[in-house]
Amino acid sequence: MTEKTLEQHTTDLNEDVAAIINAVANLTDEIFNELPHRRGMAGTKNVFGEEQKALDVWTNDVLVEELMKTGVVRTIVSEELGEPLHNPEETGDYVVTLDPLDGSSNIESNNLFGTIVGVHKEKETLTKGKNQVCAFYNLYGPITTLVCATKDGVNEFVKHRKGSTDYFLSRKNMKLKEPGSLMSIGGLPKDWTPAYREFVQEMMDAGKKIRYGGAFVGDFNQILYYGGFFSYPSLVDKPNGKLRLVIEANPMSFIIEAAGGACSNEKGSVLEILPDDPNQRTPIHVGNKDLIKRLEEIHGKY
Ligand code: AHG
Ligand code: MN
Ligand code: MN
């Protein structure tokens, strides 16, 4: 095997960051093997009032336990915890954000879902997304991949299933294709704002193809490969959209920037927002720079 393994790759990173990435990566087999067996409901609701799936709760628990074992994590902010979880010794330099299972409505339909992680080296629990030192996601698709970004770039690792079960570097220093070809949009079209309608019409007229799968992690992954944009916009009755700034929008925005793209909340970069609530929502658009610039220009007219 000549390709670099994820573990070899992470030796080039700070060892604490490497420990966080490897803690998640080392759980992939356990999580992947559990997926077919926990497709029901947990019978509980999370802080957002959403019914938790059995897998939401279980993946959260195994990830939290393994991340805390690294000894370098001071705080975990997870979609499924309600409030930040601090390690009792108050040691560790890192705040880790977690969407244990993104796309959980796809569990029943067997569409894509994955895990999204953001890594901050900060004293404060809540800081701007631009302060992340690393962000990555694990996509439990037909092919399991871990896409990891640091300020130095974005790399994709593929999990082997024959001969070795390691992850191997499969795409190095990924950059968004120009011109981007896809658009992937959440939220009901009847609830889009006039500005967003104008933007989408322009994109359709420019020949962008619609592809939406219902999981940020999966939809983002295809944008990373084909270029274009993913949006979960502000909606007429929900000005902050649906997705969560800290656990969803920030890690993906960090990854898109490292791949040469841009992010926006319709006014400016998502990564510049100082969160005041771990659970706050934000409109989110990520994609090729020219498209995100155009999105902001159109919103600026309204
Ligand atoms: P989660 O499963 O972590 O709650 O996230 C679901 C999110 C995101 O993955 C996706 O982009 C969006 O919800 C889909 O929402 P719609 O069903 O409204 O399109
Ligand atoms: Mn999610
Ligand atoms: Mn989730």
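## The metal pair

Asp-99 bridges two manganese ions, ligand 3 and ligand 2, which lie 3.8 Å apart. The two ends of this story sit in distant parts of the chain: Glu-79 is in the loop between strand S3 (73-78) and strand S4 (85-86), while Asp-99 is in strand S5 (residues 94-102), 20 residues apart.

A donor is an N, O or S atom within 2.8 Å of the metal (3.2 Å for Na, K and Ca), and water is not among the atoms, so sites may look incomplete. Both Glu-79 and Asp-99 are buried, and buried means under 20% relative accessible area, with exposed being over 50% and partly exposed in between (1.4 Å probe, protein chains only).

## What you are looking at

This is a predicted model, in which local features need pLDDT of at least 70 and side-chain atom pairs count only at pLDDT 80 or more, while totals for chains, interfaces and linings use all residues. Residues are numbered from 1 along each chain as its sequence is written, chains are lettered from A and ligands numbered from 1 in the order in which they are written, and side-chain values use heavy atoms, leaving out hydrogens and water.

## The whole chain

The chain has nine helices and 15 strands. Its C-alpha atoms fill a box of roughly 50 × 45 × 40 Å along the principal axes. With 302 residues, a compact globule would have a radius of gyration near 19 Å, and the chain's 18 Å agrees with that; the value is taken over C-alpha atoms, and the globule rule is 2.2 Å times the number of residues to the power 0.38.

Of the 302 residues, 58% count as buried. Among contacts in the chain with a separation of 6 or more, 60% come from residues 24 or more positions apart, where contact means heavy atoms within 4.5 Å.

## Helix H9

Helix H9 (residues 289-301) has 13 residues, which should span 18 Å at 1.5 Å a residue, and its end C-alpha atoms agree at 19 Å apart. The expected span is 1.5 Å times one less than the number of residues.

In H9, Leu-291, Ile-292, Leu-295, Ile-298 and His-299 are buried. They cover an arc of only 125° around the axis, so they are on the same side of H9; the arc is that of the directions from the helix axis to the C-beta atoms. These buried residues pack against helix H6 (194-205) and strands S13 (228-232), S14 (262-264) and S15 (284-287). The face turned away from the buried side carries the exposed Lys-289, Lys-293, Gly-300 and Lys-301.

## Two loop residues

Leu-235 is in the loop between S13 and helix H8 (245-258), and counts as buried at 5% relative accessibility. Leaving aside residues up to four places away in sequence, Leu-235 touches Gly-187, Leu-188, Asp-191, Trp-192 and Thr-193.

Asp-276 is in the loop between S14 and S15. Asp-276 is exposed, with a relative accessible area of 68%.

Technical notes. Helices (H or I, at least four residues) and strands (E, at least two) are DSSP runs, numbered from the N terminus.
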